[in-house]
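Biologist: I would like to learn how to read a predicted model feature by feature. Could you take me through one?

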Amino acid sequence: ADGLKCFQRSFGEPIPGCVGEGGRPDWDYCYDPTWRNAEMLVPTFDVCGSPGESGNEPILGHRYGLYAYGDDDTDPGFEPDRQEAYERNAKQMVWYMVSLNATDQLRQRIAWALASTFIVNEYFVGRAEQTEVYTAYYDMFTRNAFGNLRDLLREVTYSPLLGEYLSNRGSRAYGAVRLPAETYARELIERYTVGLYKLNVDGTLRTDEAGRPLATSGLEDVMELARVTTGLSEQLRRSNIESYSEYQYDNKVDPMAFHVQSGKDIHPKRGLDGVYLG
């Protein structure tokens, strides 16, 4: 394919073009738009419909393997593109290609910094063989790289992937035998926004009369904030997103939504500033 960049895994040196059936076995990130595996059970397809996503141009190689089935002899990582890659590595391949070739390098660097703050753990969440759920999550940071924290926090709060990792997905209001999940609320306060301790305008720690640092929040504050994100659940799965589950609410791409019937706490909640939220 003319203009295609191939990268050799051993040294990361660019190689102009691909030769023959995907190049030599030691080549990686090579795309041949005319290649098809005779054992494929489904045709190659593209996924569209996520925020900011537009139509793909297959000849540019801007596609990645989608998990369509797993009970056959064809590795799903080989389906759209002929490249030496296990399907669990598709996320890394997308990231490397964008990071190396994108013209908006400052945006990409800020997105990486944000993603390193709002982390999700693949080994905890699972779905390592899927690609779109993770690329859709990372796209939040590229979209908001030059935006404001409020907009980013809104998207992060509704993210089903982070909701699963930090347990605010499916969190329910106070009941006889349950409490709202506090993990996300604690991360929101201590890691994503104000931090552990109060600061002076010059950045130094604020302390009490005994010289001890003043905490920004306490357990009661965390419990109050945890009530805000109760009732979040995944939306119905669209037919054009990557999923291999038969469960109709398995949707790790689209933002979650609040539902009273899912345990939303409808009573006022007190914020860190003492002002009550609806």
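Modeller: Gladly. Let us begin with accessibility: R107 counts as partly exposed, at 24% relative accessibility. The scale calls a residue buried under 20% relative accessible area, exposed over 50% and partly exposed in between, using a 1.4 Å probe and protein chains only. D104 is also partly exposed, because its relative accessible area is 30%.

Biologist: Before we go on, what should I keep in mind about the model itself?

Modeller: This is a predicted model, in which local features need pLDDT of at least 70 and side-chain atom pairs count only at pLDDT 80 or more, while totals for chains, interfaces and linings use all residues. Residues are numbered from 1 along each chain as its sequence is written, and side-chain values use heavy atoms, with hydrogens and water left out.

Biologist: How many helices and strands does the protein have, and what share of its residues is buried?

Modeller: There are eight helices and seven strands. Helices (H or I, at least four residues) and strands (E, at least two) are DSSP runs, numbered from the N terminus. Of the 278 residues, 40% are buried.

Biologist: Back to R107, then. Which side chain does R107 meet in a salt bridge?

Modeller: A salt bridge needs a side-chain nitrogen of Lys or Arg within 4 Å of a carboxyl oxygen of Asp or Glu. R107 meets D104 in this way, at 3.6 Å from N to O. The whole structure holds 14 salt bridges.

Biologist: Which helices are joined by the salt bridge of R143 and E155?

Modeller: The closest N and O atoms of R143 and E155 are 2.5 Å apart. R143 belongs to helix 4 and E155 to helix 5, twelve residues apart, and the pair links distant parts of the chain. Both residues are partly exposed, R143 with a relative accessible area of 33% and E155 with 27%.

Biologist: And are D265 and R227 buried or exposed?

Modeller: Both D265 and R227 are buried. Their side chains form a salt bridge of 2.7 Å, N to O. D265 sits in the loop between strand 5 (257-258) and strand 6 (269-270), and R227 in helix 8 (residues 219-228), so this pair ties together parts that are 38 residues apart in sequence. Elsewhere, a network of salt bridges links E164, R169, E234 and K252.

Biologist: What does Y192 touch beyond four places away in sequence?

Modeller: Contact means heavy atoms within 4.5 Å. By that rule, Y192 touches T117, F118, L149, L153, L162, L166, Y184 and E187. M140 is buried, with a relative accessible area of 5%.

Biologist: How many aromatic pairs does the structure contain, and how do I read one?

Modeller: A pair of aromatic rings is described by the distance of the centres and the angle of the planes. Rings of Phe, Tyr and Trp (its six-membered ring) pair if their centres lie within 6.5 Å; planes under 30 degrees apart count as stacked, over 60 as edge-to-face and the rest as tilted. There are nine pairs in the whole structure. F118 and Y192 have ring centres 4.3 Å apart and planes at 35 degrees, so the pair is tilted. F118, in the loop between helix 2 and helix 3 (122-125), and Y192, in helix 7, are 74 residues apart. For F124 and Y165, the centres are 5.5 Å apart and the planes at 75 degrees, so that pair is edge-to-face. F124 is in helix 3 and Y165 in helix 6, so the pair ties together parts that are 41 residues apart in sequence.

Biologist: Which residues form one aromatic cluster?

Modeller: F118, Y137, Y138, F141, Y184 and Y192 do.
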